[in-house]
Amino acid sequence: MTPPGRDRLRELLDAVLDEDNRTLSDMAGDAYASPFHFSRQVSGGAGESPVALRRRVVLERAAWQLRQGTSVTDAAFAAGYESIEGFSRAFARAYGRSPGSAAAGGAGRDAHWLPAPNGIHFHPPSSLWVSDEPARRGGDEVTALLVHHGVEDTRALLELAKGLPAEEYRRVRAPGLSVLPWDGAEETLAAVLDTLVWTTEVWVASLEGGDAPVRGADDPAALLDRHDAVAPRWLAAVREIARRGAWGDRLVDALCEPPESFVLGSVVAHVLTFSAHRRLLARHWLREAGVAVDTGDPIEWLSRRER
């Protein structure tokens with residue numbers, strides 16, 4: 001039983017965010033609990049696993065530090081990352097831009113905030129801010145989860161495709177298959193993966209108000225480069241829509257012929273829907289080609305990220 005005046009959740013959060021507690025075992029030991037019970041208590045009280053909560057708040061602190069002029073190297077090591085490359089990948093996944101460009105981010109109390117299920121955020125210089133944001137936003141966290149999963153899952157499939165012989169990569173596996181009429185035939189693994197990346201490039205250009213993109217090469221290495229270039233921009237675009245609560249805004253897409261009008265929420269839903277379909281199709285064909293591949297389940301993906 002918790003003694004009067006003792007804030008157990010605050011004690012748990014202190015253990016999660018202590019500078020010296022880099023692992024779940026460190027956090028649990030500081031809170032005099034087993035890792036299992038500590039994780040259950042934090043997840044129950046904060047709606048977020050200890051590891052995920054710490055990673056997010058530390059990244060928020062790093063984003064704020066970068067805006068204050070801290071170098072990427074210093075921010076990376078202060079956040080507990082062993083390499084600048086690892087920090088840069090984590091930062092880009094979270095914020096949709098590289099840490100080197102973070103100094104140009106917006107100002108204000110919440111400019112460095114990431115989506116949170118509990119309203120707990122880093123507040124400079126060394127405090128926490130608990131916002132009522134989750135009650136107002138309602139569901140943006142699920143969208144953010146799906147978007148992040150789609151980006152990372154696509155990259156994982158492209159990495160697997162790099163190991164295929166060219167004849168397997170370009171083998172016709174479903175003659176006449178067309179996922180959407182305007183995207184053309186997708187009879188091969190190469191075509192499915194290429195269209196997966198290409199559709200994101202097209203929609204990002206539309207959301208950014210840019211010129212129609214030029215379609216690049218479709219070998220796995222080239223697709224990885226294209227994906228890595230467009231994925232942070234896609235994450236940033238969706239995050240900005242969520243930040244503004246602009247799901248009902250309309251985009252008049254001049255890249256279409258003739259121009260069409262789209263509700264932003266429907267654009268994100270469209271990309272997520274057909275990305276998931278193509279990724280599952282790619283998995284099926286990778287297995288046919290003898291490649292071991294996971295199920296693509298977001299539950300398993302999130303569990304791996306939170307370890």
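His148 counts as buried because its relative accessibility is 17%, where buried means under 20% relative accessible area, exposed over 50%, and partly exposed in between, with a 1.4 Å probe and protein chains only. The model is predicted, so that local features need pLDDT of at least 70 and side-chain atom pairs count only at pLDDT 80 or more, while totals for chains, interfaces and linings use all residues. Residues are numbered from 1 along each chain as its sequence is written, and side-chain values use heavy atoms, with hydrogens and water left out.

**Surroundings of His148**

His148 lies in helix H8, residues 140–161; helices (H or I, at least four residues) and strands (E, at least two) are DSSP runs numbered from the N terminus. A polar atom of the His148 side chain lies 2.3 Å from the backbone oxygen of Arg93, and a polar atom of that side chain lies 2.9 Å from the backbone oxygen of Ala144. When neighbours within four places in sequence are left aside, His148 is in contact, meaning heavy atoms within 4.5 Å, with Arg93, Ala94, Leu235 and Trp301.

**Aromatic pairs**

The structure holds five aromatic pairs, in which rings of Phe, Tyr and Trp (its six-membered ring) have centres within 6.5 Å, and planes under 30 degrees apart count as stacked, over 60 as edge-to-face and the rest as tilted.

Because Trp203 lies in helix H10 (residues 189–208) and Phe262 in strand E4 (residues 260–263), their pair ties together parts that are 59 residues apart in sequence. Trp203 is buried at 12% relative accessibility, and Phe262 is buried with a relative accessible area of 18%. Phe87, at 0% relative accessibility, also counts as buried, and Tyr81, Phe87, Phe91 and Tyr95 form one aromatic cluster.

**Nonpolar cores and Tyr169**

In soluble globular proteins, nonpolar side chains tend to be buried together. Here the largest nonpolar core has 20 residues, and those with the most contacts inside it are Tyr169, Leu189 and Leu193; such a core is a set of buried Ala, Val, Leu, Ile, Met, Phe, Trp, Tyr and Cys residues joined through side-chain atoms within 4.5 Å. H8, H10, helix H11 (220–244) and helix H12 (264–288) each supply at least two residues of this core, of which H10 gives the largest share, six residues. A second, separate core of 18 residues includes Val230, Leu251, Val267 and Leu272.

Tyr169 has its place in helix H9, residues 166–169, and is buried at 4% relative accessibility. Beyond residues up to four places away in sequence, the residues that Tyr169 touches include Ala161, Leu164, Leu189, Leu193, Asp218 and Pro220. Ala190 is also one of the contacts of Tyr169, and the C-alpha atoms of Tyr169 and Ala190, which are 21 residues apart along the chain, are separated by 5.7 Å.

**The chain as a whole**

The chain has 13 helices and four strands, and buried residues make up 44% of its 307 residues. Among the contacts with a separation of 6 or more, 60% are accounted for by residues 24 or more positions apart. The chain exposes about 15400 Å², of which carbon and sulfur atoms supply 55%, the accessible areas coming from the Shrake-Rupley method with a 1.4 Å probe.

Technical notes. Polar contact = N/O pair within 3.5 Å; in protein donor to acceptor, adjacent residues only side chain to side chain.
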